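Please examine the sequence and the structure shown here before reading on.

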Amino acid sequence: MRWLLSWRLRRKGVHKPVTPREIDAWGATIAADYLEAALTHRSWAYEHDGEHLERLEFLGDSILGAVVAAYIFAQSPELDEGDMSKIKAAAVSERSLAQIARRLRLGDFIKLGRGEEMSGGRDKDSILADTVEALIGATFLTHGVEVTNDVVLRHLIVQIEAAAKMGPALDWRTAFEEKARSLGITGNLTYEIVGEGPDHARVYTASVFIDGQKRGTGVATSQKQAKLEACKDAYHLLD
């Protein structure tokens, strides 16, 4: 019955109220006004007037980057600037933050406008990632640096440690270009992207080329990820 109720709520465009259980899972309380804004997408705000998450997202993005960078710097003295940057980029990527949001079921609590609701906005990586960043900003404004640092690492340490073990998967484009160059394959890298399906279930197929020669293909639900999948395919095809 619980899944049926959740499905009905989503069909009606009703967001769930935040309970102490969700606050505990996040790791810190948040002042009511900030929490309200952090869980309000601009599509809802445009339809109903009021604050939305984008200012908090801006703040949270900066704090997130600083906390993760400081952690990597302290924990990995053997890494150079380039390697640290790649690990940080993977850990704080849209895909990584969306995974955190799904673990916390944040999609159930976001206020969305009718258009975003109908197009599956509650499970879009971009909206989920933006919400995580907004909640980080809201946590900082409520508690300051120390608590926010603890909350960020509570959710990001797993991503940071996983990123450190990814090897070429940290940056498939760079890995592919470097491997191709080592084999004497040089030239301009370009993509072709084709999208198919309805807006709420769009799928993109990307092909990557070097000087017009197709080297790999990737499929994903975002253009950015499809490009990475194409470079991953191209990297392995060079073996």
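In which helix is Asp61 found? Asp61 is found in helix α5, which comprises residues 54-75. The model is predicted: local features need pLDDT of at least 70, side-chain atom pairs count only at pLDDT 80 or more, and totals for chains, interfaces and linings use all residues. Residues are numbered from 1 along each chain as its sequence is written, and side-chain values use heavy atoms, with hydrogens and water left out.

**Overall architecture**

- The protein contains twelve helices and three strands; helices (H or I, at least four residues) and strands (E, at least two) are DSSP runs, numbered from the N terminus.
- The C-alpha trace spans about 60 × 45 × 35 Å along its principal axes.
- Of the 239 residues, 40% count as buried; buried means under 20% relative accessible area, exposed over 50%, and partly exposed in between, with a 1.4 Å probe and protein chains only.
- Among contacts (heavy atoms within 4.5 Å) with a separation of 6 or more, 59% come from residues 24 or more positions apart.

**Surface and charge**

- The protein exposes about 13600 Å², of which carbon and sulfur atoms supply 52%; accessible areas come from the Shrake-Rupley method with a 1.4 Å probe, and for residues only the protein chains shown count as cover.
- There are 30 positive and 35 negative side chains, and the centres of the two sets lie 7 Å apart.
- In this count, Lys and Arg are positive and Asp and Glu are negative, whereas His and the chain ends are not counted; the place of a charge is NZ of Lys, CZ of Arg, CG of Asp or CD of Glu.

**Positions annotated in UniProt**

- An unreviewed UniProt entry places the feature "active site" at Asp61 and Glu133. These residues span 73 residues in sequence, yet no two of their C-alpha atoms are more than 5.4 Å apart, so they gather at one spot.
- UniProt positions follow the numbering used here, feature names are shortened, and annotations may be inferred rather than shown by experiment.
- Asp61 counts as partly exposed because its relative accessibility is 40%.
- Glu133 lies in helix α9 (residues 125-143) and counts as buried, because its relative accessibility is 8%.
- Beyond its neighbours within four places in sequence, Glu133 is in contact with Leu56, Glu57, Gly60, Asp61, Leu64 and Leu97.
- For "binding site", UniProt (unreviewed entry) lists Glu57, Asp130 and Glu133. Although these are spread over 77 residues of sequence, they cluster in space, with a largest C-alpha distance of 6.0 Å.
- Asp130 is also found in helix α9, and at 21% relative accessibility it counts as partly exposed.
- Leaving aside neighbours within four places in sequence, Asp130 is in contact with Leu53 and Glu57.

- In helix α11 (residues 172-182), Trp172, Ala175, Phe176, Lys179 and Ala180 are buried. They cover an arc of only 125 degrees around the axis, which puts them on the same side of α11; the arc is that of the directions from the helix axis to the C-beta atoms.
- Arg181 and Ser182 are exposed on the other side of α11.
- The elements covering the buried residues of α11 include β1 (189-196), β2 (203-210), β3 (213-220) and α12 (223-237).
- Just after α11, Gly184 takes a positive phi of about 80 degrees.
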